[in-house]
Amino acid sequence: MASGRSSWACRPTSRRARLTLLDRLVAASGGRPVEADIPFWFGQVEAGKKSTLDTETMRRVSAVTIRAYRNTAAGPDGTLAIAAAELRTAAALGRPVRIGQETNDLGTDPTEVKQTFYGQTLTRMNDQLAQVDSGAAAYATYAGVAVHDATGYAAMAP
C-alpha cells in the first residue's frame with residue numbers, strides 16, 4: 001500500500017486528472033448522484049496547498065466508499081483506525097460514507113492477507129463487520145459496509 005500512496009504523492013498530474021475527471025462526471029450526470037471509491041490513505045495526499053485528496057474528492061461527489069481493507073475491526077491497523085480520518089472528513093462535509101471490505105484472494109504476503117476476509121468464515125467476517133458498524137455509527141454520515149465482491153462473499157464458508 002505504501003507504494004500506491006507514495007506514487008500518488010509524487011504525481012500531482014494524477015491528482016489533478018482524477019479531480020478533473022470527477023468534475024466532468026458530475027457535470028455530465030444530469031443531477032444523478034456520483035459516488036467514488038477512495039483508499040483510506042487519500043487523506044495523506046495533498047491536493048492543493050490547503051487540502052487533501054479525500055476532501056477534494058468528497059467535495060465533488062454525492063457519497064464515498066472508503067477502501068479500508070482489513071480483516072479486523074479494532075486495533076491500530078484495524079478497519080476503524082485506518083478509516084477514521086476519512087470518516088471524520090465525510091461527516092464534516094455531510095457526505096454519506098461506506099466502508100469497503102475485501103473478500104477475494106489477494107495473495108499470501110502478510111500485507112495482502114490482512115487486507116481480505118478470503119479464507120476466513122462468514123461468521124468471523126460478520127462478527128468483524130458488526131464491530132465496524134458499531135464503531136463507525138459514531139459518525140453522523142456513516143452509511144454501512146460495502147463488500148467487494150459478491151463472488152468472494154458467496155465463496156465464503158459459514
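1. Helices (H or I, at least four residues) and strands (E, at least two) are DSSP runs numbered from the N terminus. In those terms, Asn71 is placed in the loop between S2 and H4. The structure discussed in this note is a predicted model, in which local features need pLDDT of at least 70 and side-chain atom pairs count only at pLDDT 80 or more, while totals for chains, interfaces and linings use all residues. Residues are numbered from 1 along each chain as its sequence is written, and side-chain values use heavy atoms, with hydrogens and water left out.

2. The sheet. 4 strands form an open sheet in the order S1-S2-S3-S4, and their pairing is parallel; two strands pair if DSSP finds at least two bridges between them. On average, neighbouring strands are turned by 25° against each other, direction ignored. Axes here are lines fitted to C-alpha atoms, for helices over the stretch in contact, and angles run from 0 to 180 degrees between N-to-C directions.

3. Strand pairs. S1 and S2 run parallel and are joined by 5 bridges, and Ile38 stands opposite Ile66 in S2. From S1 the chain crosses through H3 to S2, and this β-α-β crossover is right-handed. A crossover has that hand if, with the strands pointing away from the viewer, the path from the first strand over the helix to the second runs clockwise. S2 and S3 pair in the parallel sense over 4 bridges, with Arg67 opposite Gly100 in S3. H6 packs on the sheet and touches S3 and S4; the direction of H6 makes about 155° with that of S4. Contact, here and below, means heavy atoms within 4.5 Å.

4. The nonpolar core. Such a core is a set of buried Ala, Val, Leu, Ile, Met, Phe, Trp, Tyr and Cys residues joined through side-chain atoms within 4.5 Å. Buried means under 20% relative accessible area, exposed over 50%, and partly exposed in between (1.4 Å probe, protein chains only). The largest core has 26 residues, and those with the most contacts inside it are Ile66, Ala68, Leu87 and Ile99. The elements giving two or more residues to this core are helix H2 (12-28), strand S1 (35-39), helix H3 (53-60), strand S2 (63-67), helix H4 (79-93), strand S3 (97-102) and helix H6 (122-136). H4 gives the most, with 4 residues. With neighbours within four places in sequence left aside, Leu87 is in contact with Ile66, Val97, Ile99, Ala136, Tyr139 and Tyr142.

5. Helix H3. This helix is mostly covered, with 6 of its 8 residues buried: Leu53, Asp54, Thr55, Glu56, Thr57 and Met58. Thr57, in helix H3, is buried with a relative accessible area of 0%. Beyond neighbours within four places in sequence, the contacts of Thr57 are Arg18, Leu19, Leu22, Ala36, Ile38 and Phe42.

6. Asn71 counts as buried because its relative accessibility is 10%. Its side chain reaches the backbone oxygen of Thr116 at 3.2 Å. This is a polar contact (a pair of N or O atoms within 3.5 Å; within protein, one must be able to donate a hydrogen and the other to accept it, and residues adjacent in sequence count only if both atoms are side-chain atoms). Apart from neighbours within four places in sequence, Asn71 is in contact with Val113, Lys114, Thr116, Phe117, Gln120, Arg124 and Gln128. Ala73 also has its place in the loop between S2 and H4 and is buried, with a relative accessible area of 1%. Not counting residues up to four places away in sequence, Ala73 touches Gly78, Thr79, Leu80, Gln128, Gln131 and Val132.

7. Asp105. This residue is found in the loop between S3 and helix H5 (110-113). Asp105 counts as partly exposed, at 49% relative accessibility. Its side chain reaches the backbone nitrogen of Gly107 at 3.0 Å. Asp105 and Tyr118 are 13 residues apart in sequence and 5.4 Å apart in space, C-alpha to C-alpha.

8. A cis peptide bond. The peptide bond from His148 to Asp149 is cis, with omega near -5°. Asp149 lies in the loop between strand S4 (142-148) and helix H7 (150-154).
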